[in-house]
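I opened this model today with a notebook beside me. Here are my entries, in the order I looked things up.

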Amino acid sequence: MGCSSSSTSAANKGPVPGQDPTDPVYLRSELVRARQFFDKGNREEAQNILSTAFDEAILVLDQTDEQTYKESTEIMQQIRDASKSLKENGEWLVVVEDNAVVVEDNA
């Protein structure tokens with residue numbers, strides 16, 4: 001039916017029109033969303049969400065103010081780390097708790 005859109009299109013929605021892809025709230029929400037897909041066993045969608053969020057943000061990062069730049073790049077680094085971990089190990093090494101992002105210690 002018309003409502004049966006694929007999970008890929010739902011997962012890769014990107015920022016809503018007019019939303020800044022470097023907005024720290026948006027980047028955190030994409031990290032949380034990717035983790036939800038990962039927890040459901042859909043690593044490919046999690047990877048797609050992370051890649052899309054990072055790629056969209058990097059395109060306009062030089063246009064952000066200093067405070068947003070600092071916070072956004074910290075979150076982007078964690079997005080990159082999670083993406084790299086998924087690609088290389090199939091594991092999630094970033095913990096997302098109550099909008100805080102913490103690197104998981106595997107020791």
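**Entry 1: the aromatic pair.** I began with the rings and found one aromatic pair (rings of Phe, Tyr and Trp, with the six-membered ring for Trp, whose centres lie within 6.5 Å). F38 and W92 form this pair, with 5.6 Å from centre to centre and 40° between the planes. That makes the pair tilted, since planes under 30 degrees apart count as stacked, over 60 as edge-to-face and the rest as tilted. I then traced where the partners sit: F38 is in helix α2 (residues 24-39), and W92 is in the loop between α4 and β1 (94-97). The pair links distant parts of the chain, 54 residues apart. Both F38 and W92 are buried, where buried means under 20% relative accessible area, exposed over 50% and partly exposed in between, with a 1.4 Å probe and protein chains only.

**Entry 2: ground rules.** I noted that this is a predicted model, in which local features need pLDDT of at least 70 and side-chain atom pairs count only at pLDDT 80 or more, while totals for chains, interfaces and linings use all residues. Residues are numbered from 1 along each chain as its sequence is written, and side-chain values use heavy atoms, with hydrogens and water left out.

**Entry 3: the overall layout.** I counted four helices and two strands in the protein. These are DSSP runs numbered from the N terminus: H or I of at least four residues for helices, E of at least two for strands. Along the sequence the pattern reads α-α-α-α-β-β. Of the 107 residues in the protein, 36% are buried. I also looked at contacts (heavy atoms within 4.5 Å). Among those with a separation of 6 or more, 60% join residues 24 or more positions apart.

**Entry 4: α3 against α4.** Two packed helices are described by the angle between their axes and the distance between the axes. I looked up both for α3 (residues 43-60) and α4 (residues 66-89): their axes come within 9 Å and cross at roughly 145°. The axes are lines fitted to C-alpha atoms over the stretch in contact, and angles run from 0 to 180 degrees between N-to-C directions. The crossing of α3 past α4 is left-handed, meaning that the near helix is turned anticlockwise from the far one by less than a right angle, with clockwise being right-handed. On the α3 side I listed R43, A46, Q47, L50, S51, A53, F54, A57 and I58, which meet M76, I79, R80, A82, S83, L86 and K87 in α4. By class, this contact has ten nonpolar, three polar and three charged residues. Here Ala, Val, Leu, Ile, Met, Phe, Trp, Tyr, Cys and Pro count as nonpolar, Asp, Glu, Lys and Arg as charged, and the others, Gly among them, as polar.

**Entry 5: the nonpolar core.** Which residues touch the most other members of the largest nonpolar core? I found L27, L50, I79 and W92, out of 18 residues. Such a core is a set of buried Ala, Val, Leu, Ile, Met, Phe, Trp, Tyr and Cys residues joined through side-chain atoms within 4.5 Å. α2, α3 and α4 each supply at least two residues, and the largest share, six residues, comes from α2.

I followed L27 in helix α2, which counts as buried because its relative accessibility is 0%. Setting aside neighbours within four places in sequence, L27 is in contact with P21, T22, A53, A57, S72, I75, M76 and I79. L27 and I79 are 52 residues apart in sequence, yet 8.3 Å apart in space, C-alpha to C-alpha. Next came L50, which touches L31, A34, I79, A82, S83, L86 and W92, not counting residues up to four places away.

Entry 6: Beyond its neighbours within four places in sequence, A46 is in contact with A34, F37, F38 and L86. K87 in helix α4 is exposed, because its relative accessible area is 63%.
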